[in-house]
Amino acid sequence: MASFQGMKINPSRYHKSQLKFYFFLFPMTLFVALPIIFIISHAFKPSNELFAYPPKFFVRMPTFDNFRDLFFLASESGIPFSRYLFNSLLVTTIGVFLSVLITSLAAYSLSKLKFKGKKTLFEINNLALMFVPIAVTIPRYLTISRIGLIDNYMVLVLPLIAMPVGLFLVKQFIDQTPNELIESAKIDGASEMQIFLKIIIPIVAPALATVGILSFQLIWNDTIGSTLYVNDESLKTLAFYFSTLAARTGNTVAGQGIMAAASLISFLPNIIIFIFLQGKVMNTMAHSGIK
Amino acid sequence: MIKRMNHPAWFFTPYVVLFTTFIIIPVVIAIVLSFTYFNTIQTPTIIGLRNYIELLTRDEVFMQYVLPNTFKFAFIVGPVGYFMSFILAWMLSQIPHKHRTVLAIILYSPSMTAGIAMGVIWTVLFSGDSTGYLNSLLLNIGLIEEPIQFLTSPDYLMTIMIIVSLWGSMGVGFLAMLAGILNIDPTLYEAAYVDGLRNRWQEIFYITIPSMKPQMLFGAVMAVVGTFQVGAIGVQLSGANPTPQYAGQLLVNHIEDFGFIRYLMGYASAISVVLLILIYSISKATWSLFGERD
């Protein structure tokens with residue numbers, strides 16, 4: 001169809017008709033990228049550059065001093081840096097896996113199965129999504145201490161697994177899967193769980209990857225769990241440790257460098273996970289048999 | 001075993017259990033607390049609607065600053081951020097895969113700068129003395145003679161909050177919309193052009209948007225919820241709660257102010273309930289705009 005002039009979604013190669021998009025996208029991306037470049041550059045500045053006048057955006061003499069100071073500060077406080085890191089990694093891995101699994105299971109039932117109270121559950125879920133997290137902090141603490149989960153490793157994960165946003169997102173995607181696909185699998189004798197595992201999961205992989213990213217960010221960056229639900233310092237996470245840095249270092253010169261290094265370390269895993277999963281997010285479903 | 005898992009309970013039970021324990025019960029407790037006086041130490045005492053009456057009739061800060069600020073912030077950041085997300089996703093979907101990937105990662109990256117990173121970047125860039133980047137730049141090109149107290153001056157705080165939020169508005173809604181656009185069946189466009197579709201605008205309104213309604217709805221609800229639940233930013237930028245002369249005080253800061261600084265948890269809960277009602281009604285309106293009526 002040579003005369004077709006319309007939308008070329010997901011084009012396979014560059015064409016000069018796309019130039020207009022680049023013309024808009026490049027300045028936008030640059031504007032967005034500047035602060036990010038700044039985080040990276042700032043973390044490697046020696047102290048005389050951190051406070052230079054006039055300030056320098058890019059680092060001139062990159063050094064690892066800030067990182068060294070950061071690790072040193074942690075070991076000084078009794079708990080090694082690696083302990084916080086280990087806690088964060090463990091908690092986040094378990095949390096993301098469970099969150100994606102449990103949320104998508106529920107989304108399938110809300111989208112394609114019939115049961116009493118289905119509409120109500122979805123409605124309540126969306127209502128919960130709109131309630132500010134800050135307002136439930138104290139009531140949630142009261143609930144958790146009543147169940148006896150205080151100082152339990154799992155308390156860093158459990159409250160964050162059920163993600164109303166995730167349920168909403170995955171359900172929206174499953175809604176778009178044609179029922180014929182499910183019907184024909186049923187005729188072939190598949191159970192609902194088999195359909196979910198073999199058909200639905202591959203089809204909604206982009207949505208699952210998105211939920212994975214969200215849940216990663218939520219758990220990795222969470223400080224409330226470590227602040228309120230565990231008292232044992234050796235169970236606390238990296239995000240919590242970073243959140244206490246300002247108070248630990250005060251407004252000292254070394255403190256500024258440590259903060260800059262910490263902000264890079266707290267930001268990096270998020271972007272690495274995103275780069276790792278984005279292929280799935282932006283993957284088209286063209287080959288997955290829908291539509 | 002998996003072969004016999006047909007009952008819906010297999011699917012929703014784990015979610016419902018966790019959801020009820022950690023979200024529903026705390027939310028219900030918060031709603032109940034909103035009818036009490038609770039200083040977080042003594043047992044709450046029921047005082048009926050007094051918190052709400054106080055909030056709506058006596059709380060001058062709430063009426064004069066918090067509410068107008070929240071609306072101004074949400075009605076700028078929400079729609080502009082949403083529109084930008086859609087346009088950028090739409091454009092990204094029309095460039096080759098590799099370039100799209102790189103640009104999308106960069107555009108999404110601000111949503112990942114939580115907590116500490118956020119504070120470090122913006123407080124340094126907008127710092128009030130001449131070592132602040134923006135001040136230094138403006139001094140250099142001679143636009144200003146004295147450094148401006150960007151973060152502590154009530155005149156600038158709100159504007160900076162809006163810019164910073166827009167900078168970070170390509171979040172999960174943006175990702176969903178991008179996936180949504182990429183999922184549209186290309187033959188739909190060809191068929192529409194054969195049937196007499198004439199230009200890109202018609203294409204967007206008759207094919208693109210209708211084909212990705214679920215993602216458009218998701219993005220819209222996220223924009224509403226996201227912008228009304230923002231709170232950390234003003235406090236992080238100015239380094240104080242309340243923000244200078246309440247210039248950047250949003251509903252969430254008001255909740256924190258009463259709940260965690262003055263320890264009036266009952267009153268803070270009442271503000272949260274009002275916020276919930278606000279978000280709920282605006283989301284409902286959005287829903288009727290984009291929602292599928294089936």
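The following legends describe close-up views of a predicted model.

View 1. Chain B comprises 14 helices and 2 strands. Its C-alpha atoms occupy a box of roughly 65 × 65 × 40 Å along the principal axes. Of the 294 residues in chain B, 49% are buried. Where contacts in chain B link residues at least 6 apart in sequence, 66% of them join residues at least 24 apart.

**View 2. The side of chain B that touches chain A.** In this view, 89 residues of chain B are in contact with 90 residues of chain A. Helix α1 of chain B (residues 9-33) supplies the largest share of the chain B side, with 17 residues. Sorted by class, the chain B side holds 61 nonpolar residues, 21 polar residues and 7 charged residues.

**View 3. Helix α8 of chain A, spanning residues 164-175.** Because 11 of its 12 residues are buried, α8(A) is largely enclosed by the rest of the structure. The buried residues of α8(A) are A:P164, A:V165, A:G166, A:L167, A:F168, A:L169, A:V170, A:K171, A:Q172, A:F173 and A:I174.

**View 4. Helix α9 of chain A, spanning residues 179-187, and the residue A:G189.** The number of buried residues among the 9 of helix α9(A) is 0, and the helix therefore lies largely in the open. Just after α9(A), the backbone at A:G189 adopts a positive phi of about 95 degrees.

**View 5. Packing of helices α9 and α10 of chain B.** A pair of packed helices is described by the angle between the two axes and the distance between those axes. Helix α9(B), residues 186-194, packs with helix α10(B), residues 200-211, at an angle of about 150 degrees, and their axes are 11 Å apart. Angles over 145 degrees count as roughly antiparallel, so α9(B) is roughly antiparallel to α10(B). The crossing of α9(B) past α10(B) is right-handed. On the α9(B) side, the contact is formed by B:L188, B:Y189 and B:A192. On the α10(B) side, the contact is formed by B:E203, B:Y206, B:I207 and B:S211. By class, the residues of this contact between α9(B) and α10(B) are 5 nonpolar, 1 polar and 1 charged.

Key. Residues are numbered from 1 along each chain as its sequence is written. Chains are lettered from A and ligands numbered from 1 in the order in which they are written. This is a predicted model: local features need pLDDT of at least 70, side-chain atom pairs count only at pLDDT 80 or more; totals for chains, interfaces and linings use all residues. Helices (H or I, at least four residues) and strands (E, at least two) are DSSP runs, numbered from the N terminus. The expected span of a helix is 1.5 Å times one less than its number of residues. A residue is buried if 20 or more other C-beta atoms lie within 10 Å of its own, exposed if 12 or fewer, and partly exposed in between; C-beta atoms are placed from the backbone. Two residues are in contact if their C-beta atoms, placed from the backbone, lie within 7 Å. Ala, Val, Leu, Ile, Met, Phe, Trp, Tyr, Cys and Pro count as nonpolar, Asp, Glu, Lys and Arg as charged, and the others, Gly among them, as polar. Axes are lines fitted to C-alpha atoms, for helices over the stretch in contact, and angles run from 0 to 180 degrees between N-to-C directions. Angles under 35 degrees count as roughly parallel, over 145 as roughly antiparallel, 65 to 115 as roughly perpendicular and the rest as oblique. A crossing is left-handed if the near helix is turned anticlockwise from the far one by less than a right angle, and right-handed if clockwise.
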